[in-house]
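Thanks, everyone; I would like to take a few minutes to go through one model with you, beginning with a pocket and then turning to a pair of helices. Please have the structure open while I speak.

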Amino acid sequence: MNIQQIIYIVEINKYNSFSVAANSLFISQPRLSQAVKDLEAELGFEIFERNRKGIIGPTLKGYEFIHYAKKVLRDFNALDRFKEETSKTFRLTTTLIPQAQNAFITLAGNHAEDEGVDFDMFFCGCFESCDKVKSSNYNLGIVTVIDQQFSEWKQYFDSVELTYQELFTCPFYISVHKDSPLAKLKSIKSTQLNDYLYVTEKCSKMNDLTLQVYSIFDSLFSDSRVTVSNTDVMYSLVSEYRAFTLDSFPLDENTKRRYGIVSVPFDNPLRVHVGYIHDRYSSMNSLTKEYIDILKNDLQKIPEISNLIP
């Protein structure tokens, strides 16, 4: 038995599918299946119950084995992070927050001449961020959660043994072209957007909570919408067409200048929690702490939210 086999078992259990787990692990399905068969032969029992269509679920002994496998994997990841501290590693997941991206760039610039630097920034939604911070050795995840789902997400963070630390809570903002009639308004109601194209970016991996929040957003606006998977494309569409997008908080000045867009408060009771998640049982390394300090400092420069930062 080795740690790679344990990783395979945990991943298969997460997706309840050999094929999906193989894609996630970037290996072939036959190789994954053989690795599981070898481990089951070594253990003397089947971990997963199967039929012709695939996996039904873990066997009784399989449930017990997976429980301990997750604990072993968590402890292994915790040990591996001792190496990360000395090798100048910082891995970040973040949603569409320009300040989070800019803080990462600043941090990377601060350590560009250091030996052994290993930085990584991955864009994703809250659900995938939880997965990567917990399972894939990402140090930190910047997440946004709408107020209506906050208690449910907090329960989810607890269930996967992640700590959530809030940065601030604020209303949503509508981003439009600077020359749009909407840009002159003090706030925008959803009814004032009926004649505009709604541009939105959706996550690649979602759970029920993520699907619910997209349903809430979609119900607020007209049926004319474009869904993309790239931030640059999203803001370019807003800049070039009679369009708008919904942002978690006001854009920074660099983003506004680059795309020629502005942020206007959304006149709606919806509010968003912005914060970060990290592994509950792993201490933050120095790069993670430095990143958080840079991010908070950048957020303080935004007039609309500076008084919201503790």
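Let me start with α1, which contributes eight residues to the lining of the largest pocket and so gives the most to that lining of any element. Please keep in mind throughout that this is a predicted model. The space in this largest pocket comes to about 1,100 Å³, and among the 31 residues that line the pocket, those closest to its centre are Val10, Glu11, Lys14, Asp131 and Ser135. Sorted by class, the lining of the largest pocket holds 12 nonpolar residues, nine polar ones and 10 charged ones.

Two of those elements, α6 and α7, also pack against each other, and I would like to look at that pair next. On the α6 side, the contact is made by Cys126, Phe127 and Cys130, while α7 supplies Trp153, Tyr156 and Phe157. In terms of class, this contact of α6 with α7 has six nonpolar residues, with no polar and no charged ones, whereas the lining of the largest pocket includes nine polar and 10 charged residues.

Notes. Residues are numbered from 1 along each chain as its sequence is written. This is a predicted model: local features need pLDDT of at least 70, side-chain atom pairs count only at pLDDT 80 or more; totals for chains, interfaces and linings use all residues. Side-chain values use heavy atoms; hydrogens and water are left out. Axes are lines fitted to C-alpha atoms, for helices over the stretch in contact, and angles run from 0 to 180 degrees between N-to-C directions. Helices (H or I, at least four residues) and strands (E, at least two) are DSSP runs, numbered from the N terminus. Contact means heavy atoms within 4.5 Å. Ala, Val, Leu, Ile, Met, Phe, Trp, Tyr, Cys and Pro count as nonpolar, Asp, Glu, Lys and Arg as charged, and the others, Gly among them, as polar. On a 1 Å grid over the protein atoms alone, a cavity is a set of points where a 1.4 Å probe fits but cannot get out, and a pocket is an open set with protein on both sides within 12 Å along at least five of seven lines; lining residues have an atom within 4 Å of a point. Grid points are joined across faces, edges and corners, and a volume is the space filled by probe spheres set on the points.
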